[in-house]
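I set out below what I looked up in this structure, entry by entry. I began with the order of the elements and then turned to the sheet.

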Amino acid sequence: MSSAERPLVRPEPDGDELRLRRPSRAQADRKIENEIEDHCQTHLHKKMEAFCEDCSSPVCMDCILTQDHKGHEIVNIQTGSSRQRAWFEEKMKAAIEKKAEVEHQIIRTRSHLQEIEKEASDRRQTLSTIFNEVR
Ligand SMILES: [Zn+2]
Ligand SMILES: [Zn+2]
């Protein structure tokens, strides 16, 4: 039905903005990051930020959020300074909490949807019963 797709008229200033806002310091930051730890083999652009005890392998943020490591024991990688470790811990905790929150929301929405569908079908049933009785 909706074969007439409207093209996006909005311009995209992100590209230029990103280039302008990116200082040369980013390179230095990246160098430091590379010195601290390796990048994920699966997600090459992601840093290893933790270690999966169950798989005995380092994992990145993306790895942790996949089903592959669901329920696995994820521990912090030895990153050197305790400050860095605290940061990783914080970041990982936030990501895991966020994921749980999103999952919870999905489950809630789904059950809510089921309620609505049930109500709708109940009403339909009632209506058809009434119609049949009237006839
Ligand atoms: Zn990964
Ligand atoms: Zn794992």
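I took helices (H or I, at least four residues) and strands (E, at least two) as DSSP runs, numbered from the N terminus. On that basis I read the elements of the protein, from the N terminus on, as α-α-β-β-α-β-α. The protein has 4 helices and 3 strands.

**Basis of the entries.** I worked from a predicted model, in which local features need pLDDT of at least 70, side-chain atom pairs count only at pLDDT 80 or more, and totals for chains, interfaces and linings use all residues. Residues are numbered from 1 along each chain as its sequence is written, while chains are lettered from A and ligands numbered from 1 in the order in which they are written.

**Confidence.** I looked up pLDDT, the predictor's confidence in each residue, from 0 to 100. The protein has a mean pLDDT of 75, and 63% of its residues reach 70 or more. Over residues 32-37 the pLDDT is below 50.

**Sheet.** In what order do the 3 strands lie in the sheet? I found an open sheet in the order S2-S1-S3, with antiparallel pairing; two strands pair if DSSP finds at least two bridges between them. Strand S2 (57-60) and strand S3 (74-76) are the edge strands, each pairing on one side only. Strands of a sheet pair through backbone hydrogen bonds, either parallel or antiparallel.

**Bridges.** Strand S1 (residues 48-52) is joined to S2 by 4 bridges. I noted that Met 48 has Cys 60 as its bridge partner in S2, that Ala 50 stands opposite Val 59, and that Phe 51 is partnered by Pro 58. On the S3 side, S1 pairs over 3 bridges, and there the partner of Phe 51 is Val 75. The hairpin of S1 and S2 has 4 residues between the strands, and in this hairpin Ser 56 takes a positive phi near 50 degrees.

**Burial and core.** I called a residue buried if 20 or more other C-beta atoms lie within 10 Å of its own, exposed if 12 or fewer, and partly exposed in between. Of the 135 residues of the protein, 5% count as buried. Which residues make up the largest nonpolar core? It consists of 5 residues, Met 48, Ala 50, Val 59, Cys 60 and Cys 63; such a core is a set of buried Ala, Val, Leu, Ile, Met, Phe, Trp, Tyr and Cys residues joined through C-beta atoms within 7 Å. S1 and S2 are the elements that give two or more residues to this core.

**Around Ala 50.** Leaving aside neighbours within four places in sequence, I listed the contacts of Ala 50, among them Ile 64, Ile 74, Val 75 and Met 92. Glu 89 lies 39 residues from Ala 50 in sequence and 8.9 Å away in space, C-alpha to C-alpha. Glu 89 is found in helix H4 (residues 82-134).

Technical notes. Two residues are in contact if their C-beta atoms, placed from the backbone, lie within 7 Å.
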